[in-house]
Amino acid sequence: MYVERGWLGPLPLGEKNPAVAGRHGFPDRYPFPTKEEIECWAVEFAGNNIGVRAPMTVVGIDIDAHGKKGGGKLLDELEAELGPLPPTYRSTARHNNSTSGIRWYQVPEGSELIRYPGGQQGGIEIIRPGTDYGRVPPSFHEGVGKDYRWYGLDGHQADTPHVSELTPLPAQWLARLTKLPVNYRPPGNTELRYSSGDGTFEGLRILRGEIEKAWPKDRDKYGWNSQLFVSVKRVFELVAGGELEDEFTRQAFIKMALDAGMYDECGEHEQLSKIEATVDSGRNEGLQRPSNRLREEGTMATGELRGDESIILYKRVVSTEDGNQTKWEMFSNFNMSVVGKVRNTDGTIDGYNVELVSERTGQVTETYLPIAVLTDARRLNTWLQSHEVAMVAKYLDSPPWTVRLGTYLAAQNAPEVRIVPFWGWDDVYEGFITDQGVIRATGLERTPSVKPDPGLANRHLVSHRYGFEADENQAVSMLKEVLTFHDETVTSVVGSWWVGTKLKGQIMREFSLFPILKVEAVSESAKTKGFFELLFKLDGNTREQSIGTAAAFRDSISAHRNGYVWVDDMREINDQTKEILRNATAEKEHTKKDGDANGNTRIKLVAPIMLSGEGFGFGDEKAMPDRTVDIDLPDPKKRMSYRDPSRPQWDDIIAFKRRYPDPTIAAGTLTAMILQHADMVQEHAGHARRGSGRFADKMGIIRVGAMVLAEITGDPSHIDRVEEWIGKQVNAGNENALTKLLIPTAVQFLGGNEKPVVKDLPPYYGLPCPVLLRNDKNGTPSVWVHTENLAAWWERHNRGKVEVRTHTAEALDGQAKAIGMKGQTGESNLDWWKTRADKPEGGKSYVTYRRVPDEIASRWIEEMTGEDDGEAPGVLGGASTRAAQLAARGPRGPRSDTRTRP
């Protein structure tokens, strides 16, 4: 019956969806059912409900105006704007409701309409021509408990209509469903121009499609302003190429932005003013880049491919009885728009920065597609699968699909863009790069010519938002308040380090490293809440501190040059982790496996790092303490408010969070303000360093940060507190694992021997005693070390657990030279001493010891002679023993056998 009356696609329905697959959806991909299929379904699904797929010239307007559904209200609003919908045939199971149901109208063939004119929850859904289906009589509605019926033009029950009997949809409604401003006509009644269109309707359809493709997809994440700017720019490239009319396109964007509620928090006049300013800015940018992309679609210039919303189609010539016919078939279940192309220094294209649209999910992902991947079918397949999309063409002749896709991308004539491998300061562009734009001292600059690698955000390695909602006065006020949420010295030092993270690009030109901030405190000391938590938010970070694996930690510190990575209670600091930390302080490269594990990739570790915890395993070697700024937190439990000393400080923190639930509103403003003082780094670096070496460098960086912090906050006391704190820091010079761990541990367990005792039992392990206390030839008490025996003794004492970098004989020899131990290059019995060691089993051997510099050895001389607490020579006193035990806690932890002599 339905087929006879022009309804080409009756479908048997299951509980919610059609009982048959592949017979509804976009007509280019899913053909209407054949007469034979319909006849078979009539037998196979005789008891099922029926739906009809809208013919190519029919649209259904499905209105839900019952219960809490808002279709009736939305219909009133649309009719007030567009005029009333004329009577037509309606299918519904709600017999006593004259509003609810599907109203069926005729439309021009080829109409491409939106699905939800008021959003998915608006209460009205469009049954799009040739695509969607609607339930019709004699179906039964289980929720209502009634059969579906047809109602005619007079509102009374009627028979199934012929499609030719349906009322034409008014032009105003047709244009509105294309999201176009139908109530506007440019001066002089100018019609929309489209170079290859066939009249006004075709022009409207093309313009709607281009705006729809460019319209912001994730405005909640990036904000309206920047997204709308990019959308307008892309469409106006077509205007510049003569393919769309200028003013009509401009008004279309303004109307869409108003309809979508952009800036609706402002007054009506200010709302329109802001929208027009954004649209005009994007328009001016787009008019500089003419594009003729629409003319070229579907030709060999595009690889015979054509984009269609979330898919790509390809042109196929099919032989039929009537001759050759051209068909557009599905090439891929995704579409790809080029945002920018990246060029190598030799002029070749390195790759494309693209927006990938998935047909299955509708998700839009900005990512980078290298040419090396695009031209390799195997690698491209893997790349597509990682984004959960695929090439699906079945009958594809030459050229290969990779060539076609490459041609399709090249034909989009995208502007050139430079992709930066990390967020933050870029030395080449001289700006602070984010996905929102480039932050400079003057504020945010939106530019399409440089962008951070989009894969960083896609892999959640970066989660920053640099807000400018707070002006400079409010941003400074927020920062100054946060700086009162802990001990004054702590906030001044940490605040100075934080300022330095924003100027890391400038700092690395003047200093050899950027130090790790190491906050050591017991639990419940507010090391992750209050001050530290809120400063992390003011830095622009939208997530909490993390722990993660070593691989995740490594990748995260390669993603943002100025956004510090905060790790709380790192579970294990092993050799690999230490190497990563050391490399990160100097912005060195690190090797990691490729994604397919078939090769290696070098990544640059650029991010500042903050570590917080109850303890760290760095104390036994020189390299790590030299690279850290160490903060010990005082007990916060009795800390009182700076505003009202009668209240606990936590009250201030809670009040701040209530006023500013999202502190990132000031992150962009503060970053720009800090960049205003970037010249202070070069100006004060030499004076701030006050010496040479890593210790001088890290203290110099804190001093410079304090100067900038004082300028921004107008509070010079930050400089005073930082100077007082620096005065209490100890420069360990060239001391290292040899002097800070191995010698003290040997002193603890072997005592102060004058000659090389050799015993098979622990703690000697059959080795000549590696550390001796004896006078030199001038009678001066001195400490003497045999580094090779000390390394062998340490390995046995530590049950084979040895750090190659610091605990082997070769490593200890290098450390000995670093602290000035001359050995046989110096004077006998003054710098070195050769003596005989008697073996337990008989026989003799000769051992050569080197003298430890007296300024380092003096503390062990006191311990081994017992002069500090009256013990007998060679026996450690109580305080010295405890100090040695602490030094001995390394990879083994505390020992139970604390004896000092065998």
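E388 counts as exposed because its relative accessibility is 53%; exposed means over 50% relative accessible area, buried under 20% and partly exposed in between, with a 1.4 Å probe and protein chains only. This residue sits in the loop between α11 (377–386) and α12 (401–410). Helices (H or I, at least four residues) and strands (E, at least two) are DSSP runs, numbered from the N terminus.

Before going on, a word on the model. It is predicted, so local features need pLDDT of at least 70 and side-chain atom pairs count only at pLDDT 80 or more, while totals for chains, interfaces and linings use all residues. Residues are numbered from 1 along each chain as its sequence is written, and side-chain values use heavy atoms, with hydrogens and water left out.

Most residues other than glycine have a negative phi, and most peptide bonds are trans. Another cis bond links P137 and P138, with omega about 5 degrees; P138 lies in the loop between β7 (133–136) and β8 (140–141).

**Strands**

Now for a sheet. Which strands make up the open sheet of four, and in what order? The order is β26-β29-β25-β30, and the pairing is parallel. Two strands pair if DSSP finds at least two bridges between them. β26 (565–568) and β30 (628–632) stand at the edges with a single partner strand each, so one side of each has no neighbour in the sheet. From one strand to the next, the twist averages 15 degrees; axes here are lines fitted to C-alpha atoms, for helices over the stretch in contact, and angles run from 0 to 180 degrees between N-to-C directions. β26 and β29 (residues 609–613) run parallel and are joined by four bridges, and V565 has I609 in β29 as its bridge partner.

Strand β1 (residues 9–13) is another one to look at. Five of its five residues are buried, so β1 is largely enclosed by the rest of the structure. β1 pairs with β2 (residues 49–53) in the antiparallel sense over five bridges, with P10 opposite V52 in β2.

**Rings and charges**

A pair of aromatic rings is described by the distance of the centres and the angle of the planes. Rings of Phe, Tyr and Trp (its six-membered ring) pair if their centres lie within 6.5 Å; planes under 30 degrees apart count as stacked, over 60 as edge-to-face and the rest as tilted. The count by this rule is 12 aromatic pairs. Here are two of them:

| Pair | Centre to centre | Angle of planes | Type |
|---|---|---|---|
| F485 and F656 | 5.8 Å | 80 degrees | edge-to-face |
| F536 and Y564 | 5.2 Å | 55 degrees | tilted |

Where do F485 and F656 lie? F485 is in the loop between α14 (472–482) and α15 (488–502) and F656 is in helix α20 (residues 649–659), so the pair ties together parts 171 residues apart in sequence. Both F485 and F656 are buried. F536, in helix α17 (residues 531–538), and Y564, in the loop between α18 (550–556) and β26, are 28 residues apart. F536 is buried at 4% relative accessibility, and Y564 is buried at 2%. Ring pairs also link W497, F514, F536, Y564 and W566 into a cluster.

Charges can sit over rings too: the rule is NZ of Lys or CZ of Arg within 6 Å of the ring centre and within 35 degrees of the ring normal. The charged end of R90 sits over the ring of Y151, 5.1 Å from its centre, and that of R306 sits over the ring of W328 at 4.6 Å.

**A helix and a loop**

Is helix α19 (residues 575–585) mostly buried or exposed? Eight of its 11 residues are buried, so α19 is largely enclosed by the rest of the structure. Among them are T577, K578 and I580. After α19 comes E587, with a positive phi near 55 degrees.

Finally, R543 lies in the loop between α17 and α18 and is partly exposed at 34% relative accessibility. R543 and S463 are 80 residues apart in sequence and 6.9 Å apart in space, C-alpha to C-alpha.
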